[in-house]
Amino acid sequence: MRALGLTGLLLFSASVAQAAPNRTGVDMGVRIGYAVPFGDLDGSRGSLAGWVSGAVPVLIEAGYRFDQHVTVGPYFQFAFAQVKDNTNTGCGNNSDCSGWIVRAGVQGLYHLDVASVIVPWFGLGLGYEWTSYSGTIGNVGFSGNASGWEFVNLQVGGDFPLQQGMAVGPFIGFSIARYGSISGSLGNLTASPDVSNPALHEWLQFGARFVFSL
């Protein structure tokens, strides 16, 4: 009897997982996780990981659901950057620094139609990225900024239904971008050097995603 009960529960869970909204509408989602940098800030300023060790992102997404498979819409992410203490950033010793990373763009998600407790999905997007940090040495403030296009971000994850129209699950994302503009300031002095040797950088993100279907 216990085996029959467990089998029935698994079959019920699978049927619920397949019950993704088979209608048009709007999906709202929130993602929280951690991001690890790869690649270079640009060709002459060294690796991005030499400036920031990681980031804690919070991403908000909205999408129009064409059917139970396809959702397309914008996303906005704000991340708290972990700025390194070294000569690159000017942070450490007598200076306190903080930083942030913003990403915004459009993405498309595709949910697979499988008999599973967790419904797998994968996504593809593109957008723009802004990175900034600031600090003070004594009474003098300084900052650094970089921005550029995010050419592609690849995503994969899974939705575990909580109740009708609500789901939660893990995700992994990998984005490829390049900074085309860099600037900095020290007190009243500002500089915007040309990015003569641009280079690619990447972010690997992972965490949890919550979605609500209207």
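**Figure 1. Asp27 sits in strand 1 of this predicted model.** Strand 1 spans residues 25–39. Asp27 is buried, because its relative accessible area is 9%, under the 20% cut-off. Its side chain makes a polar contact of 2.4 Å with the side chain of Arg65. A polar contact to the side chain of Ser213 comes in at 2.9 Å. Leaving aside neighbours within four places in sequence, Asp27 is in contact with Glu61, Ala62, Gly63, Arg65, Thr71, Val211, Phe212 and Ser213.

**Figure 2. The second largest cavity has a volume of about 70 Å³.** Its lining is made up of 13 residues. Nearest its centre lie Glu61, Ala62, Gly63, Thr71 and Leu109. Strand 1, strand 2 (52–65), strand 3, strand 4 and strand 9 each give two or more residues to this lining. By class, the lining holds five nonpolar, five polar and three charged residues. Glu61, Ala62, Gly63 and Thr71 are also among the contacts of Asp27.

Figure 3. Two or more lining residues come from each of strand 3 (70–83), strand 4 (95–111), strand 6, strand 7 (166–186) and strand 9 (200–213). Strand 7 gives the most, with four residues. The lining divides into seven polar, five nonpolar and two charged residues. Across the whole structure, the search finds two cavities of 30 Å³ or more.

**Figure 4. Cys91 and Cys97 are joined by a disulfide.** The two sulfur atoms lie 1.9 Å apart, so the pair falls within the 2.5 Å cut-off. The count for the model is one disulfide. The link is left-handed, with -95 degrees about the S-S bond. Cys97 counts as partly exposed, at 26%.

**Figure 5. Phe142 touches both cysteines, Cys91 and Cys97.** Phe142 is found in strand 6, residues 140–163. Phe142 is buried, because its relative accessible area is 8%, under the 20% cut-off. Beyond four places in sequence, Phe142 also touches Thr89, Gly90, Ser95, Tyr133, Ser134, Gly135, Thr136, Ile137, Ser185 and Leu186. Phe142 and Gly90 are 52 residues apart in sequence. In space, their C-alpha atoms are 8.6 Å apart.

Notes
Residues numbered from 1 in each chain as written. Predicted model: local features only at pLDDT ≥ 70, side-chain atom pairs only at ≥ 80, totals over all residues. Heavy atoms only, no water. Buried < 20%, exposed > 50% of the residue type's maximum accessible area, 1.4 Å probe, protein only. Contact = heavy atoms within 4.5 Å. Polar contact = N/O pair within 3.5 Å; in protein donor to acceptor, adjacent residues only side chain to side chain. 1 Å grid on protein atoms, 1.4 Å probe; cavity = no way out; pocket = protein on both sides within 12 Å on 5 of 7 lines; lining within 4 Å. Points joined across faces, edges and corners; volume = space filled by probe spheres on them. Nonpolar A, V, L, I, M, F, W, Y, C, P; charged D, E, K, R; others polar.
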